[in-house]
Amino acid sequence: MQESEDTKQEMKAFEDYLREKGLKITNQRLLVAQKIFSSHNHFTAEGLLDELKDNKDRISKATIYRILAIMVEAGLLEEHDFGKDYKYYEHIIGHQHHDHIICMQCGRIVEFVDNRIEELQNKAATDNGFLITGHSLNIFGNCNRFPDCEFNKKK
């Protein structure tokens, strides 16, 4: 499988960060980073561990969490709280800002961009004397009106 330019850029940024912080560039760290950067889906630590379980280099849950923490600290991943007992992650480089709608029934996550919302947030910040440095908008609901919702399929 050919590595995309975004993936190469992300891998280089990760390796540069590890060097900058005096951290070892290990096969486990590179394997986890490669797996993360080659996918464009939201993921959990448990899901990532499941995807890597067949790897001959056994990677523990603790190692996964340490690598994820390094990647969040490096600004390569965003950590999201979507109202579950666990965090979701997504990588950032090459992805434009977006917000999320989360189905509370099936867990489906939909990314969206609406410039009207962005303008309203900017106006609210300006009106209240703030300069926005970042934000996260998550909308929670049920998508059981859509035919591809897992909740709807169970009925």
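Me: Where does Thr7 lie?
Reply: Thr7 lies in helix 1. Keep in mind that this is a predicted model.

Me: Okay, and is Thr7 buried or exposed?
Reply: Thr7 counts as buried, because its relative accessibility is 4% and the cut-off for buried is under 20%.

Me: What does Thr7 touch, leaving out residues up to four places away in sequence?
Reply: Thr7 touches Gln34, Phe37 and Ser38.

Me: Let's follow Gln34 then. Which element is Gln34 in?
Reply: Gln34 has its place in helix 2.

Me: How accessible is Gln34?
Reply: Gln34 has 28% relative accessibility, so it counts as partly exposed.

Me: Which residues of helix 2 are buried?
Reply: In helix 2, which covers residues 27–37, the buried ones are Arg29, Val32, Ala33, Ile36 and Phe37. Looking down the axis of helix 2, those buried residues fall within an arc of 125°, so they line one face of the helix.

Me: Why would residues a few places apart point the same way?
Reply: An α-helix has 3.6 residues a turn, so residues three or four places apart end up pointing the same way.

Me: Switching to helix 4. How many residues does helix 4 have, and what's its reach?
Reply: Helix 4 has 13 residues and reaches 18 Å from its first C-alpha to its last, close to the 18 Å expected at 1.5 Å a residue.

Me: Which residues of helix 4 are buried?
Reply: Thr63, Ile64, Ile67, Leu68, Ile70 and Met71 are buried there. Down the axis of helix 4, its buried residues fall within an arc of 160°, so they line one face of the helix.

Me: What about the other side of helix 4?
Reply: Arg66 and Glu73 are exposed on that side.

Me: And what covers the buried residues of helix 4?
Reply: The cover includes helix 1, helix 2 and helix 3, along with strand 1 and strand 2.

Me: What happens just after helix 4?
Reply: Gly75 comes there and takes a positive phi of about 80°.

Me: New topic, pockets. What volume does the largest pocket have?
Reply: The largest pocket has a volume of about 220 Å³.

Me: Which residues lie nearest the centre of the largest pocket?
Reply: Of the 15 residues that line it, Glu78, His80, Glu90, His97 and His98 lie nearest its centre. Strand 1, strand 2 and strand 3 (99–103) are the elements that give two or more residues to this lining. Strand 1 gives the most, with three residues.

Me: How does that lining split by class?
Reply: The lining of the largest pocket has nine polar, four charged and two nonpolar residues.

Me: Zooming out, how many helices and strands are there in the protein?
Reply: There are six helices and five strands. From the N terminus on, they run α-α-α-α-β-β-β-β-α-β-α.

Me: What share of the protein is buried?
Reply: Buried residues make up 30% of its 155 residues.

Me: And how much of the contacts comes from residues 24 or more positions apart?
Reply: They account for 50% of the contacts with a separation of 6 or more.

Technical notes
Residues numbered from 1 in each chain as written. Predicted model: local features only at pLDDT ≥ 70, side-chain atom pairs only at ≥ 80, totals over all residues. Heavy atoms only, no water. Buried < 20%, exposed > 50% of the residue type's maximum accessible area, 1.4 Å probe, protein only. Helix = DSSP H or I, 4+ residues; strand = E, 2+ residues; numbered from the N terminus. Arc of directions from axis to C-beta. Expected span 1.5 Å × (residues − 1). Contact = heavy atoms within 4.5 Å. 1 Å grid on protein atoms, 1.4 Å probe; cavity = no way out; pocket = protein on both sides within 12 Å on 5 of 7 lines; lining within 4 Å. Points joined across faces, edges and corners; volume = space filled by probe spheres on them. Nonpolar A, V, L, I, M, F, W, Y, C, P; charged D, E, K, R; others polar.
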